[in-house]
Amino acid sequence: EIGEGVQHCLQIAHAYLSPPGTKPICDMAKPIWSLIICHHSLGLLAGSVAHLYLASNPDVQLLCALLLGAAVPGFANLPLMALGDLGGTGWVAKVNIALSAIAIAFMLYTRVLF
């Protein structure tokens, strides 16, 4: 999350200073940029403090594991992109649907129920 926040801020700066910038930032309306910055500011600021000063705290470790663990299954379908159309009707699309359903269930479990 911290790295992604820095990446998006740099992409926004690049799009502002040297239009059109990089995708997907250049395709977004400029008011959306402020929402992206607000979204990532919490993870960037609080996450940095937690990693630097509270890394040995078991509660912080559990929270980091839950947040990261909830996001990782959502990326499980990325290797499938090289194998075919994820939105089609073939076997790649069916595997993608199964992985997406598992990822959503895991995200809901870690973020809502746990």
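**Cysteines, nonpolar core and surface patch**

Cys9 is partly exposed, at 30% relative accessibility. In this predicted model, Cys9 takes part in no disulfide, and the nearest cysteine sulfur, that of Cys38, is 10 Å away. Cys38 is likewise in no disulfide, its nearest cysteine sulfur being that of Cys9 at 10 Å. The disulfide count is 0. Cys38 has a relative accessible area of 54% and is classed as exposed.

The largest nonpolar core consists of 5 residues: Ile12, Ala15, Ile25, Trp33 and Ile36. At least two residues of this core come from helix H1 (2-17), and at least two from helix H2 (30-53). In soluble globular proteins, nonpolar side chains tend to be buried together.

A nonpolar patch lies on the surface and is formed by Ile104, Phe106, Leu108, Tyr109, Val112 and Leu113. Together these residues present about 630 Å² of accessible area. Leu108, one of the patch residues, is located in helix H4, which spans residues 91-113. The relative accessible area of Leu108 is 49%. Leu108 therefore counts as partly exposed, since the exposed class begins over 50%.

Definitions and conventions
Residues are numbered from 1 along each chain as its sequence is written. This is a predicted model: local features need pLDDT of at least 70, side-chain atom pairs count only at pLDDT 80 or more; totals for chains, interfaces and linings use all residues. Side-chain values use heavy atoms; hydrogens and water are left out. Patches are made of residues with over 30% relative accessible area and no salt bridge: like charges are joined within 9 Å, nonpolar side chains (Val, Leu, Ile, Met, Phe, Trp, Tyr) within 5 Å. Accessible areas come from the Shrake-Rupley method with a 1.4 Å probe; for residues, only the protein chains shown count as cover. A salt bridge is a side-chain nitrogen of Lys or Arg within 4 Å of a carboxyl oxygen of Asp or Glu. Helices (H or I, at least four residues) and strands (E, at least two) are DSSP runs, numbered from the N terminus. Buried means under 20% relative accessible area, exposed over 50%, partly exposed in between (1.4 Å probe, protein chains only). A nonpolar core is a set of buried Ala, Val, Leu, Ile, Met, Phe, Trp, Tyr and Cys residues joined through side-chain atoms within 4.5 Å. A disulfide is a pair of cysteine sulfur atoms within 2.5 Å.
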